[in-house]
Amino acid sequence: MSKVKKVPFQFTNEIQNGKHILTLSGNVQKKYWRDDDVINAKDIRESLDTVTDDIVIKLNSPGGDVFEGIEIYNYLKDHPSNVTVEVTGLAASAATFIIAGADKVIMNVGTSLMIHEASTLSWGNKKDIQKTLNALETIDDSILSIYSDKTGQAIDQLREWMNEEKWFTADEAVEFGFANTVKKKELEENYNGKSEEALEAIVQTAVSNALANYQSEERILPKGSKVLSENKTNSLIARLRKGE
């Protein structure tokens, strides 16, 4: 397994625009001491147990302890709130279980995701080593069940990716079901859709108001003037849509 650089720790808990924002940055690991700077299930539970608003988790982590990651995964899966995970840098190894527990996953542009087989250190005789291998195979099966449920990908395909320690770009994470969207593209789609609707609404309102004013005041139009017909109104909207 290739070595991933340590990610600086960050754990912030705040409310913005009616949403509960949890920022998680660093290694995934069980917390043993009060000053441990790690992403862990205990702190996440204490932060989210009483939350009823939508939850957004901003995540940047190279992973860590598989069992801690799975505990966080199950906690998020069972949480009654709508949970969105936004990957701000890296989601690798055990950190991918955090995204698997979300209702929606957003990849920022340039972010990455990585999955791999379970790994550990072992010491002892042949029987001891075989016990370790058996345990790793069981853990891999558990990981595969989580990824399969999240992505809909075939077990054999997921196993192949784990064996090769597969890295995914943001677009590939979406393509293969680990994430739902890339943030930049999502914003562009939303902006384009709303801007067209807003333009049509503005034009329709302005034209309707103008026609209503002329009709209610029974103004006499100058010779040769005409009130815009419905067809011409629609034509004007169409031209404005095209930027003419």
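I start with a term: a residue is buried when its relative accessible area is under 20%, exposed when over 50%, and partly exposed in between, using a 1.4 Å probe and counting protein chains only. What you see is a predicted model, in which local features need pLDDT of at least 70 and side-chain atom pairs count only at pLDDT 80 or more, while totals for chains, interfaces and linings use all residues. Residues are numbered from 1 along each chain as its sequence is written, and side-chain values use heavy atoms, with hydrogens and water left out.

First, the chain as a whole. It has eight helices and eight strands; these are DSSP runs, helices being H or I with at least four residues and strands E with at least two, numbered from the N terminus. Of the 244 residues, 38% are buried. A contact means heavy atoms within 4.5 Å. Among contacts in the chain with a separation of 6 or more, 64% are between residues 24 or more positions apart.

Now the salt bridges. The term covers a side-chain nitrogen of Lys or Arg within 4 Å of a carboxyl oxygen of Asp or Glu. How many are there by this rule? The count is six, and I will go through some of them.

Take Lys183 and Glu86, whose closest N and O atoms are 3.0 Å apart in a salt bridge. Lys183 belongs to helix H7, residues 183-217, and Glu86 to strand E4, residues 83-92, so this pair ties together parts that are 97 residues apart in sequence. Is Glu86 buried or exposed? Glu86 is buried, at 9% relative accessibility, whereas Lys183 is partly exposed at 27%.

Next, Asp43 and Lys31 form a salt bridge with 3.2 Å between the closest N and O atoms. Asp43 sits in helix H1, residues 41-48, and Lys31 in the loop between strand E2 (19-28) and H1, so parts 12 residues apart in sequence are tied together. Asp43 counts as buried at 13% relative accessibility, and Lys31 as partly exposed at 25%.

Helix H1 comes up again with Arg45. Glu71 forms a salt bridge with Arg45, and here the closest N and O atoms are 2.7 Å apart. Since Glu71 lies in helix H2, residues 66-78, and Arg45 in helix H1, the pair ties together parts that are 26 residues apart in sequence. Glu71 is partly exposed, with 33% relative accessibility; Arg45 is partly exposed too, at 30%.

That is where I stop.
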